[in-house]
Amino acid sequence: MIKSKGYGVQKAKGELQPFEFERRDIGPTDVLLDILYCGICHSDIHQVNNEWKESAYPMVPGHEIVGRVARVGADVTKFKQGDNVGVGCMVYSCRECESCKDGEEQYCKNGPVYTYNSEEPVIGGNTYGGYSNNIVVNQDFGLKIPDGMDLAATAPLLCAGITTYSPMRHWKVGKGQKVGVVGLGGLGHMAVKLAKSFGARVVVFTTSPEKVSDAKRLGADEVVLSKNAKEMEAHADSFDFILDTVSAPHDVNRYLSLLNRNGNFVIVGLPIKPHEVVPNLLISERRTLAGSEIGGIKETQEMLDYCAKHGIKADIEVVPIQKVNEAYERTLKSDVKYRFVIDLSSLPK
Ligand code: NAP
Ligand code: ZN
Ligand code: ZN
């Protein structure tokens with residue numbers, strides 16, 4: 001077994017505190033990474049607080065991981081010692097079902113093994129995430145970090161990046177389209193950068209007036225204060241695609257009415273309360289309401305390579321792990337520009 005230490009919670013809504021635990025030994029196709037950076041995703045907060053009612057404790061969150069290979073198993077061909085490797089939300093899947101065969105392991109029919117809060121497939125117990133000093137992962141679920149990337153600002157691409165890249169590729173966001181991004185947080189700010197790079201006209205919907213100038217700096221052509229009904233109505237029936245990244249309950253009907261004929265409203269945010277939908281808003285313009293989960297390993301690699309080529313990275317605030325509880329509080333207040341990233345060198349040796 002490999003000794004690990006990090007920060008975890010012992011019970012729902014607990015404070016993150018120092019926690020020591022063990023990981024499986026590296027098997028022939030596994031790599032051991034020393035973790036350098038890990039982003040703080042709002043999904044970490046939902047799960048620490050058991051908002052989705054599927055949390056197991058103790059829990060070590062973290063699924064936006066960038067690490068360096070410390071050791072490789074005997075049959076590893078994809079990585080060598082010293083390589084920079086990313087790990088996102090998944091560490092394994094069945095690889096035999098229809099979804100896995102299509103390279104969409106996030107939709108594995110047998111359930112992907114998530115990086116934390118899943119059952120560990122080899123030794124049982126929970127999988128533990130990236131708020132820690134190391135991780136063992138099958139080589140197929142490690143991502144190559146292209147040379148020259150800013151490692152801390154690349155960590156958020158492993159979840160926030162791919163979760164916004166994948167639906168925009170699936171629904172073919174591109175030139176000539178009007179695209180909305182609802183919520184300017186970790187996911188939202190990546191969506192703005194990516195949509196802009198795909199050539200779309202980008203409109204940000206925010207509840208935070210103080211984010212307007214940042215939204216423009218990040219690439220938005222226009223910013224709408226979503227609490228202002230007049231500003232919203234000015235965009236009625238005009239969007240090809242809207243991505244909803246909001247983490248808290250809100251009224252989606254106000255956005256459905258902004259879609260043009262055949263427009264797509266895609267939800268990636270995961271508030272606990274179910275949305276209520278006015279059917280006529282979908283029927284009247286043949287609008288689609290859909291959802292999307294992260295992205296497969298192949299597409300995640302494609303996204304990283306794309307970001308390296310186009311100089312896209314997250315806007316981050318690097319924090320030591322001792323400040324993780326404070327970072328959670330600030331994220332809950334939408335006070336983050338635009339992703340917290342934990343520097344794991346702050347863990348006591
Ligand atoms: P985040 O950084 O906290 O951003 C969420 C944003 O939502 C906030 O910055 C805020 O933007 C807006 N918001 C917050 N409370 C609101 C409210 N009451 N009404 C309206 N808007 C509000 O969170 P994140 O890490 O980007 O994650 C966003 C959501 O996506 C979470 O629910 C997370 O679990 C989910 N997620 C899903 C997937 C997936 O695979 N589908 C992957 C990762 C994350 P403004 O200040 O601009 O209004
Ligand atoms: Zn995430
Ligand atoms: Zn599968």
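1. In this predicted model, the centres of domain 1 and domain 2, taken over C-alpha atoms, are separated by 28 Å. Domain 1 is made of two stretches, 2-156 and 315-346, while domain 2 covers 161-291. To the contact, domain 1 contributes 10 residues and domain 2 contributes 15 residues.

2. The size of an interface is often given as the accessible area lost when the parts come together. Here about 1,200 Å² is buried between domain 1 and domain 2, and carbon and sulfur atoms supply 50% of that area.

3. Charged and polar pairs also join the two domains. Three salt bridges are counted between domain 1 and domain 2. Eight residue pairs are in polar contact across the interface of domain 1 and domain 2, with both residues at pLDDT 80 or more. On the side of domain 1 that touches domain 2, the residues comprise four charged, three polar and three nonpolar.

4. Lysine 337 and aspartate 214 form a salt bridge in which the closest N and O atoms are 3.8 Å apart. The cut-off for such a pair is 4 Å, so this distance counts as a salt bridge.

Terms used. Residues are numbered from 1 along each chain as its sequence is written. Chains are lettered from A and ligands numbered from 1 in the order in which they are written. This is a predicted model: local features need pLDDT of at least 70, side-chain atom pairs count only at pLDDT 80 or more; totals for chains, interfaces and linings use all residues. Side-chain values use heavy atoms; hydrogens and water are left out. Domain bounds come from an automatic or database domain assignment. Contact means heavy atoms within 4.5 Å. Buried area is the accessible area (1.4 Å probe) that two parts lose on being put together, summed over both. A salt bridge is a side-chain nitrogen of Lys or Arg within 4 Å of a carboxyl oxygen of Asp or Glu. A polar contact is a pair of N or O atoms within 3.5 Å; within protein, one must be able to donate a hydrogen and the other to accept it, and residues adjacent in sequence count only if both atoms are side-chain atoms. Ala, Val, Leu, Ile, Met, Phe, Trp, Tyr, Cys and Pro count as nonpolar, Asp, Glu, Lys and Arg as charged, and the others, Gly among them, as polar.
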